[in-house]
Amino acid sequence: MSHNPVETFLHEAEDLLAEIELAALSLAAEEQADETIHLLFRAFHTIKGSGAMCGLDAVSEFTHHIESLLALVRDGVVPVSGALADLVLKAKDQIRLLLTAELGGAAVPAGSSERLIAEARSFAGSSGGDQLLSSRAQVVAVEQGRTLGERAWKIEFRPHPSLFATGGNPISLLRDLARLGHCAVEAHLDQVPELDAIQPDRCYLWWTILLTSACDENAIRDVFIFVEDQSLLEIKCTSGETRPDDTRMAVPAAESSAGASQGEAPPPPKVTAREATVRVPSSRLDRLVNLVGELVMNQSRLAQAVAHHKLPELANPVQELERLVAELRDNVLGIRMLPIGTLFGRFRRLVHDLSAELGKEVDLVTEGAETELDKSILDQLGEPLVHCLRNCLDHAAEPPEEREALGKPRRVKVHLSATHTGSNVVVRVQDDGRGIDRAAVRAKAIEKQLIAADANLSDKELLGLVLLPGFSTAKQVTNVSGRGVGMDAVKRQIDALRGTLSLTSEAGQGTRICITLPLTLAIIEGLLIQVGDDQFIVPMAAVTENVELTVSQRERGNRRNVIAVRGDLVPYIDLRRMFSITGVAPPVEKVVIVQQEDQRVGLVVDCVLGTHQTVIQSLGTYYRSINVVSGATIMGDGRVALILDIAALVRLADRDRSPVKPPVRGRSLEPGLVA
């Protein structure tokens, strides 16, 4: 693993830029923005300092000017406003461009940094803080029309022993302190061990500094901003306003040596409680998941072999191995789980920019940001959600004047939420806009010959037209929509993630898009079924129950492929017929009842073999046209079992009776019939 400091800085900068964007977007709406301003200042300060250490001078120099402006805001010289938030967002984008250019990417547009620096200076000047590059104390003094006196500070700095290992340099810190005013430094040597016990990467010294300066405590703490969390830092103001005559101040001997003379060691540094984290390349996690998958498969084969050969002396060890492998599997998969809030955060900027472009007033409300999903799913979920939000803002959201005329609030509310439901995560995008115009959808579908003019569609089928390729009701092409690319791309991507998408809308009240996704794409709990000599896996999360189907029950249904389950008629799909499997069905078959969106559907099989830990393997590009399976797994006896895609099965079986002409997408297996 690379320990390049520039790579480390880039990872940190990416996180900090995300924090800056979120803070800036919430800045103008906050009445008490002190904490947000402090967060922004620390983020820019960190980027500036780390960028300078890595030799990224352009980044450091530009960030310095924005940091200085935020210092004025923090001191109350420059007010918080929406324009300030926009400037911070522009600065964040500029830093990203500068980082890309420094690393050999596209060059930064000529003069762009200078224009933003000039805008920052203009901001400060319009608020009376035109001495932008001066210290905060000087600016406050100008504002108050008086000379600010100096104060004496006593600083005790006990760094963590690992200071050097984390890149800290106490000499640089002391030099930064000296720039604030007159200071005297005393190094304490009582923690230094014998020469043969010294470890060169450990810091054994601690310091007492007497500083006389016009600065405040925040300015002193900013010097230690990178090391404060893991060190002991005490700052005390020992006098009021003073002006010492000497540039050096002696440390009282009694005070500095009292502890040493009595043989007492100073107390150990206080370390802030903080959970340690490790950055690991995603390729390593993927490899770890693959290895665990192979371990699960081999454990299953071992258990099957022990059961087949009836080896009781191995039964307990195999059971213990199964428990340990299951625990290892859950922990490894848990490592790849990330909160969906990391994805939600980037949409605030999208909504902010698009609402300004479209002349609409929109509030994005997020809920369930702590809900966790597999990283591989999160990486592919961003684009579909972007399409959904763009549709909300362009099609659903009305202009402020139109909303007022309808008696609605001026601002459109877009609600983005995520919740756990069993072994799935449900993501909802909901707005309170105009809703979907059914008449416009129907007219466009007839125009594109997707349905017949006299077709009698249910509301669900009518809304489903919106998800077809090339379908758009936009009257003109804009930068946001109108090209017929959007919801069909969302549907394809969600299908590829083995998820489902449903659409509901109420005229004048809004639209809701509901996306249901599995927690992970790597290992699932499955129900092993058999038809003839072939075995298949049904995702356990979709299974609700199993019932029996006899020949007489088939006849009572008049071959309409329905079965009565506790008074309800449940349609079923005959997998033997759908997959053209030869052989004779047993007299009593099993029907596996699965939940697909808002309906129950049965799968007719020969027998149910039991649950199975399923390691999902891709079928490869050669079999990508077979759209009723989502992958395969290797069984304990070495055979391959296909994993059924329930949504695709239902769509395929239902296709022939639908009045909507489906798009042709590759070859599919022969459909069965659903009543």
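User: How many bridges join strand S15 to strand S16, and which way do the strands run?
Analyst: Four bridges join them, and the strands run antiparallel; S15 covers residues 562–565 and S16 covers residues 568–574. Keep in mind that this is a predicted model.

User: What is the bridge partner of Ile-563 in S16?
Analyst: Val-570.

User: And the turn of that hairpin, how many residues sit between the strands?
Analyst: Two residues lie between S15 and S16, and Arg-566 takes a positive phi near 50° in this hairpin.

User: Switching to aromatics. How many aromatic pairs does the structure hold?
Analyst: There are three aromatic pairs. One of them is Phe-157 with Phe-224, a tilted pair at 4.9 Å centre to centre with 50° between the planes.

User: Where do Phe-157 and Phe-224 lie?
Analyst: Phe-157 is in strand S1 (residues 150–158), and Phe-224 is in the loop between helix H8 (217–223) and strand S4 (232–242), so the pair ties together parts that are 67 residues apart in sequence.

User: Phe-157 first: buried or exposed?
Analyst: Buried, because its relative accessibility is 2% and the cut-off for buried is under 20%. Phe-224 also counts as buried, at 0% relative accessibility.

User: What about the pair of Phe-536 and Phe-579, how far is it centre to centre?
Analyst: The distance is 5.3 Å, with 40° between the planes, and the pair is tilted. Phe-536 belongs to strand S13 (residues 534–539), while Phe-579 lies in the loop between helix H19 (575–578) and strand S17 (588–596), so the contact ties together parts that are 43 residues apart in sequence. Both Phe-536 and Phe-579 are buried.

User: Which residues do ring pairs link into a cluster?
Analyst: Phe-157, Trp-207 and Phe-224.

User: Now helix H15. Which of its residues are buried?
Analyst: In H15 (residues 438–447), the buried residues are Val-441, Lys-444 and Ala-445.

User: Why do they line one face of the helix?
Analyst: Seen down the axis of H15, its buried residues fall within an arc of 100°, so they line one face. The face turned away from the buried side carries the exposed residues Ala-439 and Glu-447.

User: What covers the buried residues of H15?
Analyst: The cover includes helix H16 (459–464).

User: And the ends of H15? Which residue caps the N-terminal end?
Analyst: Asp-437 caps that end, with a side-chain oxygen 3.1 Å from the backbone nitrogen of Ala-439. Just after H15, Gln-449 takes a positive phi of about 60°.

User: Last one, Thr-520. Where does it lie?
Analyst: Thr-520 is in the loop between strand S11 (510–518) and strand S12 (523–531). Its relative accessible area is 9%, so Thr-520 is buried.

User: What does Thr-520 touch, not counting residues up to four places away in sequence?
Analyst: Thr-520 touches Leu-333, Arg-336, Asp-374, Ile-377 and Arg-498.

User: How far apart are the C-alpha atoms of Thr-520 and Glu-372?
Analyst: They are separated by 10.0 Å, and the two residues are 148 residues apart along the chain.

How values were computed
Residues are numbered from 1 along each chain as its sequence is written. This is a predicted model: local features need pLDDT of at least 70, side-chain atom pairs count only at pLDDT 80 or more; totals for chains, interfaces and linings use all residues. Side-chain values use heavy atoms; hydrogens and water are left out. Buried means under 20% relative accessible area, exposed over 50%, partly exposed in between (1.4 Å probe, protein chains only). Contact means heavy atoms within 4.5 Å. Two strands pair if DSSP finds at least two bridges between them. Rings of Phe, Tyr and Trp (its six-membered ring) pair if their centres lie within 6.5 Å; planes under 30 degrees apart count as stacked, over 60 as edge-to-face and the rest as tilted. The arc is that of the directions from the helix axis to the C-beta atoms. A polar contact is a pair of N or O atoms within 3.5 Å; within protein, one must be able to donate a hydrogen and the other to accept it, and residues adjacent in sequence count only if both atoms are side-chain atoms.
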